[in-house]
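Hi,

Here is the structure I promised to pass on. Have a look at it first, and then read on for my notes.

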Amino acid sequence: MREILEMQRQLLPDLMEILKKRYTILHQIMLSDVIGRRTLAVSLNMTERVLRAETDLLKAQGLIEIENIGMRISDSGRKLLEGLEPVVKEIFGLANLEEIIRNAYGLRKVVVVAGDSEASPLVKRELGKAGAKALLHAMQGEDVVAVTGGTTLAEVAEQLTPPANISLKQSWFVPARGGLGESLEIQANTIASGMAKRVGAGYRLLHVPDLLGKDAYDSLVHDPNIHDIVDMIRQARIIVHGIGDAMQMARRRKLEQPVIEELQRDGALAESFGYYFNKDGVVVHKMLTLGLRLEDIMKADTVVGIAGGKDKAKAIHAVLKFGQEDILVVDEVAAVEIVREIERQGTIESE
């Protein structure tokens, strides 16, 4: 495919630009559900006159429907986008980013979505959709799936739909650990229950804080009800998690200043599962929390990391160096920075 696309670039360079433009328009309409021409023109940085000509063509081809409330993608347009996905990944250079990252960290699969999820809600939705697709592809029908909290995982939950080829009635969704005390919508309990309801699976909840004192931990760990759910969490075959910047997560957890200073001295860059990692993927700090332990993560069949944003690149790199990820779903800006980090590390090692 790459050879054919390269020949087309040389012979018909304008064709590639037209394809990219029309794909982007169609893709944005799909992500928006329904969108007006003026709003779409602003989001794509196009004039309304140029956009009108393009959308009229897409309508004539039966790829979109134009109504009084706005434009929406048709079934034919949706099928076309799905069929074009591998071609577009080559054209936008996403396939190359995926290959570099996959080979560098020995991952089973890498998915890169175009754009910046921190700057665009539509890209965030696409990141969630890609994460949902990766999760469903990994499920076998009788799984325990442990999920963490956060805005990205909440978007994954929103994008989940029941699979057509398998029943998930015998599967269970559980939170990977307790709650941070933030907005209910982005807590692991809410996300686990939401995912389960969307795909027809069961769920169990863990009603404990994420950060515990030693006395509270010792008391809860022996509670029969808590022990039962924690035991299920630690048997998870699939783990789906976000990746956070270490200092941001420390502040969100309201850690004491001496602990934050210790994290800084130890070079903590990333947080995931309640563990803090340095640039080499070494755990430099762990929270006293009920839920997944490192040994549970290591024995899980499939670990799926989902994150986006340029500022998350170093954190993602640190977690990937930990070496337990199987599938990574990231946005384009994060992928570009991760590849730069890979190249930088390669330069350092060769000196």
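This is a predicted model: local features need pLDDT of at least 70, side-chain atom pairs count only at pLDDT 80 or more; totals for chains, interfaces and linings use all residues.

On the secondary structure side, you get 16 helices and 13 strands. If you take the contacts between residues at least 6 apart in sequence, 71% of them join residues at least 24 apart.

Now for the helix pair I'd look at. Helix 5 covers residues 75-92 and helix 6 covers residues 94-105, and the two pack with their axes 5 Å apart, at an angle of about 85°. Angles of 65 to 115 degrees count as roughly perpendicular, and therefore helix 5 and helix 6 are described that way. On the helix 5 side the contact is made by Lys89, Glu90 and Phe92, while helix 6 brings in Leu94, Ala95 and Glu98. By type, the residues of this contact divide into three nonpolar and three charged, with no polar ones.

Next, helix 15, which runs over residues 313-322. How many of the ten residues of helix 15 are buried? Eight of them are, so the helix is largely enclosed by the rest of the structure. The buried set consists of Ala313, Ala315, Ile316, His317, Ala318, Val319, Leu320 and Phe322. Just after helix 15 comes Gly323, with a positive phi of about 90°.

Setting aside neighbours within four places in sequence, Lys310 is in contact with Val333, Ala334 and Glu337. Its C-alpha is 8.3 Å from the C-alpha of Val336, a residue 26 places away in sequence. Asp311 belongs to the loop between strand 12 and helix 15 as well. Asp311 is exposed, with a relative accessible area of 69%.

Ser272 is part of strand 9 (residues 270-272). Is Ser272 buried or exposed? Its relative accessible area is 1%, and the cut-off for buried is under 20%, so Ser272 counts as buried. A polar atom of the Ser272 side chain lies 2.9 Å from the backbone oxygen of Gly242.

Most residues other than glycine have a negative phi. Asp33 is not a glycine, yet its phi is positive, at about 70°. You'll find Asp33 in the loop between helix 2 (13-32) and helix 3 (37-44). Asn45, also not a glycine, has a positive phi of about 60°. Asn45 is placed in the loop between helix 3 and helix 4 (48-60), and it is exposed, with a relative accessible area of 72%.

Cheers

Note on methods: Residues are numbered from 1 along each chain as its sequence is written. Side-chain values use heavy atoms; hydrogens and water are left out. Helices (H or I, at least four residues) and strands (E, at least two) are DSSP runs, numbered from the N terminus. Contact means heavy atoms within 4.5 Å. Buried means under 20% relative accessible area, exposed over 50%, partly exposed in between (1.4 Å probe, protein chains only). A polar contact is a pair of N or O atoms within 3.5 Å; within protein, one must be able to donate a hydrogen and the other to accept it, and residues adjacent in sequence count only if both atoms are side-chain atoms. Axes are lines fitted to C-alpha atoms, for helices over the stretch in contact, and angles run from 0 to 180 degrees between N-to-C directions. Angles under 35 degrees count as roughly parallel, over 145 as roughly antiparallel, 65 to 115 as roughly perpendicular and the rest as oblique. Ala, Val, Leu, Ile, Met, Phe, Trp, Tyr, Cys and Pro count as nonpolar, Asp, Glu, Lys and Arg as charged, and the others, Gly among them, as polar.
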